[in-house]
Amino acid sequence: MNEPIDDVDIETIRAEALRKLGRNIVNFSKIEAVLKYLLSASQFEGTKETFSEQFHKNKNKLSKETLGRLVQKFHKNVLVDSSQVKATTNSSDSEFSVSFKATYNDPNFLKSQKRALLDIVVERNNLIHQDLALLDPSCVEDYQKFIVLLDEQNPRLLAHLEELGWMIEAIGDNVKTLQELSKSPRFLQYIQSNQIDV
């Protein structure tokens with residue numbers, strides 16, 4: 001804002017600050033929701049009858065987790081070092097499991113990703129517990145500084161949403177591909193045929 005502080009209407013700048021605060025809080029919430037979804041879908045097992053129920057149990061269990069705990073679980077269970085991934089097998093013929101991991105060979109990349117997401121947790125906590133709490137609602141200068149902080153923060157939030165978005169998109173694409181395959185007449189003919197080996 002280039003206007004002198006005396007000429008700035010406090011109500012106008014307050015409205016602008018609150019709008020940008022709302023935008024950032026929504027983006028923090030989106031990051032949290034994406035992490036909850038990815039963690040809910042990242043690993044579950046059961047029979048065909050309990051499979052859906054297990055996904056919903058995972059989702060309910062994660063619904064009460066803090067953003068900080070979600071980030072820790074995400075880096076423990078989803079975004080992992082490829083050298084530490086172990087194959088799992090089912091303990092029963094009637095059970096099956098689904099899991100996905102985003103694996104990387106570069107430990108430095110993994111550390112930087114973890115640090116970046118942990119920084120988002122710190123930023124969110126600072127915004128709510130410090131920056132907002134210390135804001136003087138009668139001070140135009142405080143609002144101006146707050147707006148600058150929010151405008152600098154938002155691109156980082158959007159970058160994290162984009163980074164996590166490819167995982168959501170990949171899951172959706174794979175589910176869609178499986179659904180199309182399962183409805184294909186050729187595939188249904190093949191699995192219902194009496195051929196043992198093709």
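Trainee: At what angle do helix 1 and helix 3 pack?
Mentor: This is a predicted model, and in it helix 1 (residues 10–42) and helix 3 (residues 67–77) pack at an angle of about 40°, with their axes 10 Å apart. That makes helix 1 oblique to helix 3. The crossing of helix 1 past helix 3 is left-handed.

Trainee: Which residues meet there?
Mentor: From helix 1 there are I31, E32, L35, K36, L38 and L39, and they meet L67, L70, V71, K73, F74 and N77 in helix 3. By class, the residues of this contact divide into eight nonpolar, one polar and three charged.

Trainee: Which residues of helix 3 are buried?
Mentor: L67, G68, L70, V71, K73, F74 and H75 are buried in helix 3.

Trainee: And what do the buried residues of helix 3 pack against?
Mentor: Their partners are helix 1, helix 2 (51–62), strand 2 (79–81), helix 4 and helix 5.

Trainee: Back to E32 in helix 1. Is E32 buried or exposed?
Mentor: E32 has a relative accessible area of 18%. The cut-off for buried is under 20%, so E32 counts as buried.

Trainee: What is E32 in contact with?
Mentor: Leaving aside neighbours within four places in sequence, E32 is in contact with E65, L67, L70 and R124.

Trainee: Next pair. How do helix 4 and helix 5 cross?
Mentor: The axes of helix 4 and helix 5 cross at roughly 145° and come within 11 Å. Helix 4 passes helix 5 in a left-handed crossing. Helix 4 contributes Q113, A116, L117, I120, E123, L127 and D131 to the contact, and helix 5 contributes F146, L149, L150, Q153, R156, L157, H160 and E163. The classes here are eight nonpolar, three polar and four charged residues.

Trainee: What does F146 touch?
Mentor: Not counting residues up to four places away in sequence, F146 touches A17, L21, L127, D131, L132 and L135.

Trainee: Now the largest nonpolar core. Which residues touch the most other members?
Mentor: That core has 34 residues, and I31, L35, L38, F74, F146, L164 and M167 touch the most other members. The elements giving two or more residues to this core are helix 1, helix 3, helix 4 (107–131) and helix 5 (140–183). Helix 5 supplies the largest share, ten residues.

Trainee: Why would nonpolar side chains be together?
Mentor: In soluble globular proteins, nonpolar side chains tend to be buried together.

Trainee: Last topic, the whole chain. How many helices and strands are there?
Mentor: There are six helices and four strands. Along the sequence the pattern is α-β-α-α-β-β-β-α-α-α.

Trainee: What percentage of the residues count as buried?
Mentor: The figure is 30% of the 198 residues. As for contacts with a separation of 6 or more, 75% are between residues 24 or more positions apart.

Notes:
Residues are numbered from 1 along each chain as its sequence is written. This is a predicted model: local features need pLDDT of at least 70, side-chain atom pairs count only at pLDDT 80 or more; totals for chains, interfaces and linings use all residues. Side-chain values use heavy atoms; hydrogens and water are left out. Axes are lines fitted to C-alpha atoms, for helices over the stretch in contact, and angles run from 0 to 180 degrees between N-to-C directions. Angles under 35 degrees count as roughly parallel, over 145 as roughly antiparallel, 65 to 115 as roughly perpendicular and the rest as oblique. A crossing is left-handed if the near helix is turned anticlockwise from the far one by less than a right angle, and right-handed if clockwise. Contact means heavy atoms within 4.5 Å. Ala, Val, Leu, Ile, Met, Phe, Trp, Tyr, Cys and Pro count as nonpolar, Asp, Glu, Lys and Arg as charged, and the others, Gly among them, as polar. Buried means under 20% relative accessible area, exposed over 50%, partly exposed in between (1.4 Å probe, protein chains only). A nonpolar core is a set of buried Ala, Val, Leu, Ile, Met, Phe, Trp, Tyr and Cys residues joined through side-chain atoms within 4.5 Å.
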